[in-house]
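Take a walk through this model, one element at a time. Keep the sequence beside the coordinates as you read.

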Protein chains: 2
Amino acid sequence: MTRQRKIIKDIIYASYEHPTADAIFALAKKKMPSIAVGTVYRNLSLLVESGEVRKIDVPNSPSRYDRPQIPHEHLICKNCGKVADVGAIELIEVLKEKTGEDIIGYNLTMYYLCPKCKSLK
Amino acid sequence: MTRQRKIIKDIIYASYEHPTADAIFALAKKKMPSIAVGTVYRNLSLLVESGEVRKIDVPNSPSRYDRPQIPHEHLICKNCGKVADVGAIELIEVLKEKTGEDIIGYNLTMYYLCPKCKSLK
DNA sequence: TTGAAATTTAAGAATAGTTCCTACTCTTGA
DNA sequence: TCAAGAGTAGGAACTATTCTTAAATTTCAA
């Protein structure tokens, strides 16, 4: 846990804005003006891999980063791109009434090992 | 519906491979050697917008395109990136037993209009 | 404490997917 | 037939992210 990595993690844990890599870089730069973009990206990957930080993939715009709380998913405004949280329980409600007034669409991707790859392990 | 657009649509409807824009371009080029990458992307957007084609956003790799069948979602192999279909019913099963053996993770994004944007409309 | 090896970093070049721009071509309909 | 509008080809431009390289920092055995 280098100083740079600590700063990056702290920024994410202190934020409720689901910041982008760019926003994190800007904030980190205030605390350590010498930090580089590459460092932010590399450390974000490491933090995601270790499970300390959660990555939110946003189609057609920069990924965002979040602290791993109790299970929750994300609502993205189609107009301004703002990301909101949805608790897992609400989520089930939302899925149930998918006809729902405000849900314009959704994108669900699950990850697994396909039979071929599984057999190779 | 231009000739180019027809070719692109036909390729997607004839494929079971969830082709990428690049793969579509390669196949389109066989039927019409003069076609340009930009044309493929532009027509894919138009087809998606009109609902004739469905776009699958794949984090960290090129988007894929699919025909809009009965509701189904996608399973992506974490190792080789292959995309498989999951029917909506299976899907509920999968979500139910989320502890499940093979599901490594998932990414759910829903789209809506946030209160602020909704009030502006 | 020293200093060599290993790790991490800064800086910016490179990459890849996608979009944008411009001039040209095709289609449409009067 | 021909002018206006729509669509296209080709490639430059853009943007988020990754890679590369040399320099800085950390680690840890001696």
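At what angle do α1(A) and α3(A) pack, and how far apart are their axes? The angle is about 70°, and the axes are 10 Å apart. That makes α1(A) roughly perpendicular to α3(A). Angles of 65 to 115 degrees count as roughly perpendicular, under 35 as roughly parallel, over 145 as roughly antiparallel, and the rest as oblique. Axes here are lines fitted to C-alpha atoms, for helices over the stretch in contact, and angles run from 0 to 180 degrees between N-to-C directions.

Some ground rules come next. This is a predicted model, in which local features need pLDDT of at least 70 and side-chain atom pairs count only at pLDDT 80 or more, while totals for chains, interfaces and linings use all residues. Residues are numbered from 1 along each chain as its sequence is written, chains are lettered from A and ligands numbered from 1 in the order in which they are written, and side-chain values use heavy atoms, with hydrogens and water left out.

Now the layout of chain A. Its secondary structure comes to five helices and five strands. Helices (H or I, at least four residues) and strands (E, at least two) are DSSP runs, numbered from the N terminus. From the N terminus on, the order is α-α-α-β-β-β-β-α-β-α. Chain A has 121 residues, and 40% of them are buried. Buried means under 20% relative accessible area, exposed over 50%, and partly exposed in between, with a 1.4 Å probe and protein chains only. Among contacts in chain A with a separation of 6 or more, 42% join residues 24 or more positions apart. A contact means heavy atoms within 4.5 Å.

Start with helix α1(A). By the rule of 1.5 Å a residue, its 12 residues should span 16 Å, and its end C-alpha atoms are 16 Å apart, which agrees. The expected span is 1.5 Å times one less than the number of residues. Buried in α1(A) are Arg5(A), Ile7(A), Ile8(A), Lys9(A), Ile11(A) and Ile12(A). Their cover includes α2, α3 (37-49) and β2 (64-66) of chain A.

Return to the α1(A) and α3(A) pair, with its packing angle of about 70°. From α1(A), Gln4(A), Arg5(A), Ile8(A), Lys9(A) and Ile12(A) take part; from α3(A) come Thr39(A), Val40(A), Asn43(A), Leu44(A), Leu46(A) and Leu47(A). By class, this contact has six nonpolar, three polar and two charged residues. Ala, Val, Leu, Ile, Met, Phe, Trp, Tyr, Cys and Pro count as nonpolar; Asp, Glu, Lys and Arg count as charged; the others, Gly among them, count as polar.

Helix α2(A) is another partner. The axes of α1 (residues 3-14) and α2 (residues 21-31) of chain A come within 10 Å and cross at roughly 120°. That makes α1(A) oblique to α2(A). Their crossing is right-handed. A crossing is right-handed if the near helix is turned clockwise from the far one by less than a right angle, and left-handed if anticlockwise. On the α1(A) side are Ile7(A), Ile8(A), Ile11(A) and Ile12(A), which meet Ile24(A), Leu27(A), Ala28(A) and Lys31(A) of α2(A). By class, the contact has seven nonpolar, no polar and one charged residues.

Between these two helices is a loop, and His18(A) lies in it. Is His18(A) buried or exposed? At 4% relative accessibility, it counts as buried. Phi of His18(A) is near 50°, a positive value in a residue other than glycine.

Move on to Arg54(A), in strand β1 (residues 54-56) of chain A. Its relative accessible area is 23%, so Arg54(A) is partly exposed. The C-alpha atoms of Arg54(A) and Tyr65(A) are separated by 5.7 Å, though the residues are 11 apart along the chain. Leaving out residues up to four places away in sequence, Arg54(A) touches Arg64(A), Tyr65(A), Asp66(A), His72(A), Glu73(A) and His74(A).

Finally, chain B. There α1(B) and α3(B) (residues 37-49) pack at about 70°, with axes 10 Å apart. The two helices are therefore roughly perpendicular. His18(B) is in the loop between α1 (3-14) and α2 (21-31) of chain B. With 4% relative accessibility, His18(B) counts as buried. Its phi is positive, about 50°, although His18(B) is not a glycine. Beyond its neighbours within four places in sequence, His18(B) is in contact with Ile56(B), Arg64(B), Tyr65(B), Asp66(B), His74(B), Val83(B) and Asp85(B).
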